[in-house]
Amino acid sequence: MSAGISDLPADAVRVCASSDLADRGAGVRHAAKLGGGDVVVFFVRYDGRAYGYLNRCAHVPMELDWAEGQFFESSGLYLMCATHGAIYAPDTGKCVGGPCRGGKLRPVQVDERDTPDGRAVFWLPDGDLRPATV
Ligand code: FES
């Protein structure tokens with residue numbers, strides 16, 4: 001019954017088990033490359049769905065999390081940048097308050113599906129934002 005992973009793009013990356021992403025809980029970071037530089041993408045769950053973004057504030061290009069993997073502010077409604085408090089809608093990445101107003105997080109494509117090893121979250125890289133090779 002499971003769709004499996006055979007139809008995923010060849011460059012799809014397994015990020016984590018679905019159970020690792022608690023709704024409005026801690027996110028999972030993944031090393032990436034952008035234009036030859038080291039960056040991080042992150043994945044969170046919001047209202048049951050997994051979302052992923054480049055970990056870079058639209059205000060100043062800094063990482064958002066105040067402690068590794070902590071992206072939601074205390075209400076669990078928004079992703080927050082620890083540096084100057086910009087807040088973003090978790091489902092669209094749009095800035096909804098703070099100094100990033102009008103800005104947007106760079107989204108990454110996410111797929112979540114059943115696999116032989118259980119349900120898992122995948123990153124489907126696009127453009128020049130690629131997984132870092134280990
Ligand atoms: S760097 Fe994110 S709010 Fe300023």
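User: In which sense do β1 and β9 pair, and over how many bridges?

Analyst: Strands of a sheet pair through backbone hydrogen bonds, either parallel or antiparallel. Here β1 and β9 pair in the antiparallel sense over four bridges. Two strands count as paired if DSSP finds at least two bridges between them. Strands are DSSP runs of E with at least two residues, helices are runs of H or I with at least four residues, and both are numbered from the N terminus. This is a predicted model, in which local features need pLDDT of at least 70, side-chain atom pairs count only at pLDDT 80 or more, and totals for chains, interfaces and linings use all residues. Residues are numbered from 1 along each chain as its sequence is written.

User: How many helices and strands does the protein have?

Analyst: The protein has zero helices and ten strands. Its radius of gyration is 15 Å, close to the 14 Å that the globule rule gives for 134 residues, so the protein is as compact as a globular protein of that length. That radius is taken over C-alpha atoms, and the globule rule is 2.2 Å times the number of residues to the power 0.38. Along the principal axes, the C-alpha atoms fill a box of roughly 45 × 35 × 25 Å.

User: What is the order of the strands in the open sheet of seven?

Analyst: The order is β1-β9-β8-β4-β3-β2-β10, with antiparallel pairing. At its edges are β1 (13-17) and β10 (129-131), each of which pairs on one side only. Direction ignored, neighbouring strands of this sheet are turned by 35° against each other on average; the axes behind such angles are lines fitted to C-alpha atoms, for helices over the stretch in contact, and angles run from 0 to 180 degrees between N-to-C directions. Lys-33 has Arg-130 in β10 as its bridge partner.

User: Which strands form the other open sheet, the one of three?

Analyst: That sheet has the order β5-β6-β7, and the pairing is antiparallel. Its edges are β5 (79-80) and β7 (95-97), each with a single partner strand, so one side of each is left without a neighbour in the sheet. Two bridges join β6 (residues 87-88) to β7, and Tyr-88 stands opposite Cys-95 in β7.

User: Is β9 largely enclosed or left open by the rest of the structure?

Analyst: Burial is a count of neighbours: a residue is buried if 20 or more other C-beta atoms lie within 10 Å of its own, exposed if 12 or fewer, and partly exposed in between, with C-beta atoms placed from the backbone. Four of the five residues of β9 are buried, so β9 is largely enclosed by the rest of the structure. Ala-120 is found in this strand (residues 120-124), and with 20 C-beta neighbours inside 10 Å, Ala-120 counts as buried. Across the protein, buried residues make up 30% of the 134 residues.

User: What does Ala-120 touch?

Analyst: Two residues are in contact if their C-beta atoms, placed from the backbone, lie within 7 Å. Not counting residues up to four places away in sequence, Ala-120 touches Arg-14, Cys-16, Ala-17, Ser-18, Arg-113 and Thr-115. Ala-17 is 103 residues from Ala-120 along the chain, yet their C-alpha atoms are separated by 4.3 Å. Arg-113 stands opposite Ala-120, where β8 (residues 107-113) and β9 pair in the antiparallel sense over five bridges. The hairpin of β8 and β9 has six residues between the strands, and in it Gly-118 takes a positive phi near 105°.

User: How many residues are in the largest nonpolar core?

Analyst: In soluble globular proteins, nonpolar side chains tend to be buried together. A nonpolar core is a set of buried Ala, Val, Leu, Ile, Met, Phe, Trp, Tyr and Cys residues joined through C-beta atoms within 7 Å. The largest one here has 34 residues; those with the most contacts inside it are Phe-43, Val-44, Leu-79, Ala-86, Val-110 and Val-121. The largest share of this core, five residues, comes from β3. Among the residues that Ala-86 touches are Cys-57, Cys-81, Cys-95 and Cys-100.

User: Where is Phe-71 placed?

Analyst: Phe-71 is in the loop between β4 (49-54) and β5. With 28 C-beta neighbours inside 10 Å, Phe-71 counts as buried. Its contacts include Phe-42, Val-44 and Leu-79.
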